[in-house]
Amino acid sequence: MTFTQGVGRAFLSGVLCLFPPALSARLTAQQPRDAGVAVSDTGVIAGVVLSDDAAAQPVRRALVTISGTGLPSSRTAITDDGGRFVMAQLPAGRFVIAVKKAAYIPGAYGASRPGRPGTALALAAGQRAEITLKIARAAVLAGVIRDQLGESVPGVQVSALKIPASGVISNLFSTADVVTTDDRGAYRVFGLLPGEYVVAAIPRVTGMGGIGSRSASEMDAMLGALQRRTGRGGPAIPANAAPAPLPPPSQSFSYAPTYHPGVVMFSGATRLRLAPGDERTGVDFVVAPVVTANLEGAITGAGDALSAVQLAIQVDGPRVPTSFSSSPVLTQRPGESNQFKYTNLAPGRYRIMARLARSETRVTPPRTVGISGGTFTSGGQPPASPDTLYGVAEIDVSGTDVTGVILSLEPGITLSGNVVFDSTTTKPPEDLSRIRLTISPPGGTYMSSGGGTVVGNTFNAVTPTTVRSDGTFAATGIAPGTYLLRATLPADLSQTWSLQSAILRGQDLLDAPLDIAQSGDLSGAVLTFSDRRSELSGTLQTAAGGPAPEYFVVVFTSDRSYWTPQSRRLKTVRPGTDGRFTVMDLPAGDYLIAALTDVDPDEWQSSAFLEQLVQASIKITIASGARVTQDIRVVK
């Protein structure tokens with residue numbers, strides 16, 4: 001552990017984990033080469049790209065991109081056979097430099113390790129900066145997929161799923177790291193960034209529905225009926241007699257997405273941590289059929305409008321399109337009776353929602369397959385209205401049929417309130433109808449459909465709400481669920497105003513999701529817009545007083561209840577090469593500042609990680625709209 005000292009009024013002790021630098025830089029001021037070019041545009045950034053390993057070999061044909069102040073657009077150069085590149089005629093300013101090449105981890109100037117964010121390079125007028133960028137080989141995952149008999153399985157899609165900071169993977173196909181097993185059942189996924197991964201195998205089966213398995217006695221009975229039809233094995237069956245319908249199989253199976261080491265529940269998947277250049281082979285596992293179950297239930301509260309009731313089912317875990325055989329199948333829709341039935345349910349947890357728009361006399365089932373972030377796909381569900389009814393149930397399925405599920409329809413929720421403007425100098429906007437409020441589930445809404453079965457949380461989509469001229473708003477017909485509230489301002493207003501808080505019953509909806517239960521209204525929400533943006537800035541210095549751009553600055557609230565992924569009260573920033581850093585728009589409150597040599601983007605937002613920093617941090621207070629300056633000095 002090393003310590004950092006606050007300059008002036010504050011003191012800071014920082015937890016420092018030292019790593020070899022990801023790159024080095026040497027800045028030397030030289031005279032401009034081109035006499036005809038203005039001095040302000042004669043800056044040069046030149047350097048070499050090397051492999052980040054013991055050999056440190058030049059990397060040819062790498063793409064080096066620079067962007068920053070004074071440049072109307074980014075510039076890109078390709079390294080030569082010696083790994084060298086030059087960017088000339090640059091204005092003074094701060095520039096971000098990135099490098100990438102296939103099968104390598106994207107690199108950045110100032111990055112402490114492969115895959116980490118870089119820092120800005122401050123270039124003075126007429127200055128020549130010579131830098132060295134290092135780029136590391138990406139990681140590899142490889143293995144073989146077999147069936148329950150030990151035979152290799154070709155044609156299986158295998159996905160390497162990187163675990164994000166939230167720990168939640170929303171979609172099995174949200175990543176480009178998807179490959180198909182070859183004729184040996186082997187797969188190899190390359191180009192992976194450092195971090196934690198889960199490997200998923202997604203078998204495809206032609207056709208929809210489950211795979212039946214009949215017992216020996218059932219097969220004997222069927223063969224006996226066939227023999228009697230031909231006049232053998234008992235009383236003959238007339239040739240013109242209609243064949244008896246085949247009884248359903250006593251047990252049905254399906255192929256569900258399977259996670260290494262061979263489990264179908266995402267919670268049981270093994271997490272594999274990869275470092276730069278890792279080549280993890282032998283990640284083998286078995287993909288086998290799983291026992292599926294049926295689910296039966298009834299709708300109450302629909303009256304005589306049963307034919308207009310819509311059903312959607314959501315699977316807990318990463319999304320899988322309905323084209324896969326493991327998807328649930330709605331085999332009986334509410335119609336003349338209030339009964340419904342799902343078949344082909346693999347083990348897992350499901351959320352079933354019924355929806356009835358009472359103003360709709362006839363609803364067209366979805367015809368397309370799609371995933372949306374809050375909009376409806378063509379032929380999908382109509383927007384909710386104030387008289388929309390919902391019923392919801394959550395069920396655990398483990399291979400045994402489930403009966404007696406009741407979906408009781410009740411009115412949707414109305415969220416209402418008003419907006420206010422906190423300012424002493426700026427006049428509030430005259431046309432409040434330009435402000436739109438969005439209420440959406442974390443991760444957005446999605447829907448996939450096939451054969452009349454709707455899978456997803458599409459009923460949780462909420463039409464954007466426009467603020468009325470008197471500052472009030474009302475979002476109606478909201479289904480039970482968890483939501484995030486955000487405000488969208490036109491460009492001219494967003495330059496001045498920002499949403500500072502959204503208080504409902506003592507809770508700030510900008511800090512925690514809104515959990516909406518079935519029935520009831522939520523009124524009295526107050527959304528406060530302010531023209532005062534908070535700003536925390538300072539300079540990170542070495543013990544000798546020079547800039548310390550190789551560190552990360554982490555700013556986090558002292559209130560542990562806000563230590564959640566993606567919290568607006570947790571920020572990290574890299575200083576520029578001059579050591580300066582700025583953090584904008586922190587809500588008012590007490591905060592802690594720490595300086596670290598390295599920050600893992602998948603770990604630094606966890607409460608366990610932040611807990612380690614508490615005793616090694618400066619304490620500061622940020623008032624609403626205040627500008628706070630805090631310089632930090634690193635002391636080894």
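Mentor: Let's start with a network of salt bridges that links Arg349, Arg351, Glu394 and Asp396. A salt bridge here is a side-chain nitrogen of Lys or Arg within 4 Å of a carboxyl oxygen of Asp or Glu.

Trainee: Before we go on, what kind of model is this, and how are residues numbered?

Mentor: This is a predicted model, in which local features need pLDDT of at least 70 and side-chain atom pairs count only at pLDDT 80 or more, while totals for chains, interfaces and linings use all residues. Residues are numbered from 1 along each chain as its sequence is written, and side-chain values use heavy atoms, with hydrogens and water left out.

Trainee: Thanks! How many salt bridges does the count come to?

Mentor: The count comes to 21 salt bridges. One of them joins aspartate 578 to arginine 94, with the closest N and O atoms 2.9 Å apart.

Trainee: And which parts of the chain does that pair link?

Mentor: Distant ones: aspartate 578 is in the loop between β44 and β45 (580-584), arginine 94 is in strand β7 (residues 93-100), and they are 484 residues apart. Strands are DSSP runs of E, at least two residues long, and helices are runs of H or I of at least four, numbered from the N terminus.

Trainee: How accessible is aspartate 578?

Mentor: Aspartate 578 is partly exposed, at 30% relative accessible area, and arginine 94 is partly exposed too, at 32%. Buried means under 20% relative accessible area, exposed means over 50%, and partly exposed is in between (1.4 Å probe, protein chains only).

Trainee: What does aspartate 182 form a salt bridge with?

Mentor: Its partner is arginine 184, and the closest N and O atoms are 2.7 Å apart. Aspartate 182 is partly exposed at 24%, whereas arginine 184 counts as exposed at 54%. Lysine 427 and glutamate 430 also meet in a salt bridge, 3.4 Å from N to O, and both of those residues are exposed.

Trainee: Changing topic: how many helices and strands does the chain have?

Mentor: There are 3 helices and 49 strands. Of the 636 residues in the chain, 46% are buried.

Trainee: Let's look at the open sheet. In what order do its 5 strands come?

Mentor: The order is β36-β31-β41-β38-β39, with mixed pairing. β36 (472-478) and β39 (507-508) stand at the edges with a single partner strand each, so one side of each has no neighbour in the sheet. Two strands pair if DSSP finds at least two bridges between them.

Trainee: Do tell me about β31 and β41: in which sense do they pair, parallel or antiparallel?

Mentor: Strand β31 (residues 413-422) and strand β41 (residues 522-530) pair in the parallel sense over 7 bridges. Glycine 417 has alanine 525 in β41 as its bridge partner.

Trainee: What about β38 and β41?

Mentor: β38 and β41 are antiparallel, with 5 bridges, and serine 498 has serine 530 of β41 as its bridge partner. β38 also runs antiparallel to β39, joined by 2 bridges. In the hairpin of β38 and β39, with 2 residues between the strands, arginine 505 takes a positive phi near 55°.

Trainee: How many of the 7 residues of β38 are buried?

Mentor: 5 of the 7 are buried, so β38 is largely enclosed by the rest of the structure.

Trainee: Now the largest nonpolar core. Which residues touch the most other members?

Mentor: Of its 35 residues, those are Leu415, Ile439, Ile478, Leu485, Leu527 and Phe529. The largest share of this core, 4 residues, comes from β41. Apart from this core lies another, of 29 residues, including Leu306 and Val402. A nonpolar core is a set of buried Ala, Val, Leu, Ile, Met, Phe, Trp, Tyr and Cys residues joined through side-chain atoms within 4.5 Å.

Trainee: Last one: is arginine 569 buried or exposed?

Mentor: Arginine 569 is buried, with a relative accessible area of 8%. This arginine is in the loop between β43 (552-557) and β44 (570-573).

Trainee: What does the side chain of arginine 569 make a polar contact with?

Mentor: With the side chain of aspartate 511, at 2.9 Å. A polar contact is a pair of N or O atoms within 3.5 Å; within protein, one must be able to donate a hydrogen and the other to accept it, and residues adjacent in sequence count only if both atoms are side-chain atoms.
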